[in-house]
Structures are given as structure tokens and as C-alpha cells.
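Subject: Structure handover and notes

Hello,

Please find the structure below, with the sequence. My notes on what was found in it follow.

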Amino acid sequence: MEIFFYTLSVMYSPGPVNFMGLNAGLTGQFKKTIYFFIGVGCAMLMLFMIFGYIGAAIIPRNAVHYIALFGACYTFYLAYQMLKTDIDIRDENTGVQTLSFWNGFWIQALNPKGILVILPVTTIMYPTAHITGIQIFLVSLLISIGAAGAPCLYSWAGAVLGKKIKNRIWFNRINQAMGTMLIISGIFMLYDFLKGIHLI
């Protein structure tokens, strides 16, 4: 049970994936972003399978900071896409980029925080709870569904809030705030990379 409490508490806290989900809801993209949520869940399941069955040896802990660099670059790219968009709620062709399966997959797969969440689960919690064989897949699948549910919940909250906001200026300000938060998340990833370089 502590495995689920640990993973869900981390996955449902604010972060780049959840910020993107929230922004999608605010800009009226909730239903169009389903594949993004699935991509997030698939990335988590893939990471759980890699670390759960092969172990942490496949990606040495001192290599996680290089993943942080790629994650930071991808996060900055998505933030740029978000910031350059001018939202007009009266225009259905407003130019808001619909988040895809691959956006969700890569932002989650390249998020070093996700890997650092998975490592203690697969290397400490699974063995302690005697989770082996097919159980690794089943428990990891449940956690991955929860991971997909986090940005979905944020997106739904954004959709509810978005219906109450009718002013184009406020839509754009919120969109810019979400983009800024993504940049801040990317800076933290970049910091993880630089800190890892100094430890080598």
C-alpha cells in the first residue's frame, strides 16, 4: 500500500506534465488531449518495466543527469510552443497546439524526477513487498494508470476553470503563466544536469 501512496503523492504534485494538462484544460483541449494522458501512462509503464525487470544497472544513477539535460531541452521547447500561442476563445482555429501521445510519452520519459521516483520503488519497495514476476507488471500497470490520471485530473480542473473565464486577455495570461512554470521546471532539470556533471 505504501508503494501507491508514495507514487501517487509524487505524481499528483505540480510538475511539467501536470502543468501541461492544466493548460490543455484551460484552453478547451481537454477531450483532444486524451492521447497525451495515455502517452504519459505508457512512458511510466515502460520505465517501470525496464527498472522492474532489468534493474537499475541499465541506467546507472550517475547517468540520470544526462536524461535531465534532454528533459530540460524538451520542456523548454514545449514552453516556447505554449508561450507563442495567442488564444482567442471566439476563434475555433486559435492555433493552440493539441498535445499528442508522443508529447506525453517524451515529457514523462525524459523527466528525471519520474526516474528517481521509480528507482526506489523497483529496487527497494518491490523486493521488500515480495513483488516479482507477473506481479511487477500488474502493480506497475496500476501505478502507470494513476500516472496518466494525474495530468487528466489537472486538465479537467482547468476545463472547469476555463468555462468561468471569458476574457481573452486572461486566457493568454494564464497560458503565459503555465508556459513560465514549464520554463521553471526545465530550469530545475537543467540544474539537476549541472549538479550531476560536478559530481562526476
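A helix in these notes is a DSSP run of H or I with at least four residues, and the helices are numbered from the N terminus. With that numbering, H130 is found in the loop between α6 and α7. Please keep in mind that this is a predicted model.

Overall fold

The protein chain has 8 helices and 0 strands. Read along the sequence, the pattern is therefore α-α-α-α-α-α-α-α. The chain has 200 residues, and 48% of them count as buried. Among contacts with a separation of 6 or more, 88% are between residues 24 or more positions apart.

H130 has a phi near 60 degrees, which is a positive value in a residue other than glycine. For background, most residues other than glycine have a negative phi. Is H130 buried or exposed? H130 is exposed, because its relative accessible area is 64% and the cut-off for exposed is over 50%.

Helix α2

Helix α2 runs over residues 16–26 and is mostly covered, with 11 of its 11 residues buried. The buried residues in α2 include P16, N18, F19, L22 and A24. After α2 comes G28, with a positive phi near 75 degrees.

A150 is placed in helix α7 and is buried, since its relative accessible area is 1%. A150 touches M11, Y12 and N18, leaving aside residues up to four places away in sequence. A150 and L22 are 128 residues apart along the chain, while their C-alpha atoms are separated by 9.9 Å.

S155 is the other position, and helix α7 is where S155 is found. S155 counts as buried because its relative accessibility is 0%. What does S155 touch, not counting residues up to four places away in sequence? The residues are G21, L22, A24, G25, F30 and F37.

Nonpolar cores

The largest nonpolar core has 19 residues, and I3, F48, Y126 and I143 are the ones that touch the most other members. Helices α1, α3, α6 and α7 each supply at least two residues of this core. Another core, of 13 residues, lies apart from it and has A24, F36, Y74 and L78 among its members.

Y126 has contacts with I3, F48, V121, I131, I136, V139, S140 and I143, again not counting residues up to four places away in sequence.

T7 is in helix α1 and counts as buried because its relative accessibility is 0%. With residues up to four places away in sequence left out, T7 touches V117, V121 and I143. T7 and I118 are 111 residues apart in sequence, and from C-alpha to C-alpha they are 8.1 Å apart in space.

The second largest pocket

The second largest pocket has a volume of about 430 Å³. Its lining is made up of 24 residues, and P14, G15, P16, N111 and K113 lie nearest the centre. Which elements give two or more residues to this lining? They are α1 (2–11), α2, α3 (34–54), α6 (112–128), α7 (134–164) and α8 (168–199). The largest share, 5 residues, comes from α8. By residue type, the lining divides into 16 nonpolar, 7 polar and 1 charged.

Cysteines

How many disulfides does a search of the whole structure find? The search finds 0 disulfides. C73 counts as partly exposed because its relative accessibility is 46%. C152 is also partly exposed, because its relative accessible area is 24% and buried would need a value under 20%.

Regards

Terms used. Residues numbered from 1 in each chain as written. Predicted model: local features only at pLDDT ≥ 70, side-chain atom pairs only at ≥ 80, totals over all residues. Heavy atoms only, no water. Buried < 20%, exposed > 50% of the residue type's maximum accessible area, 1.4 Å probe, protein only. 1 Å grid on protein atoms, 1.4 Å probe; cavity = no way out; pocket = protein on both sides within 12 Å on 5 of 7 lines; lining within 4 Å. Points joined across faces, edges and corners; volume = space filled by probe spheres on them. Nonpolar A, V, L, I, M, F, W, Y, C, P; charged D, E, K, R; others polar. Core = buried A, V, L, I, M, F, W, Y, C linked by side-chain atoms within 4.5 Å. Contact = heavy atoms within 4.5 Å. Disulfide = S-S within 2.5 Å.
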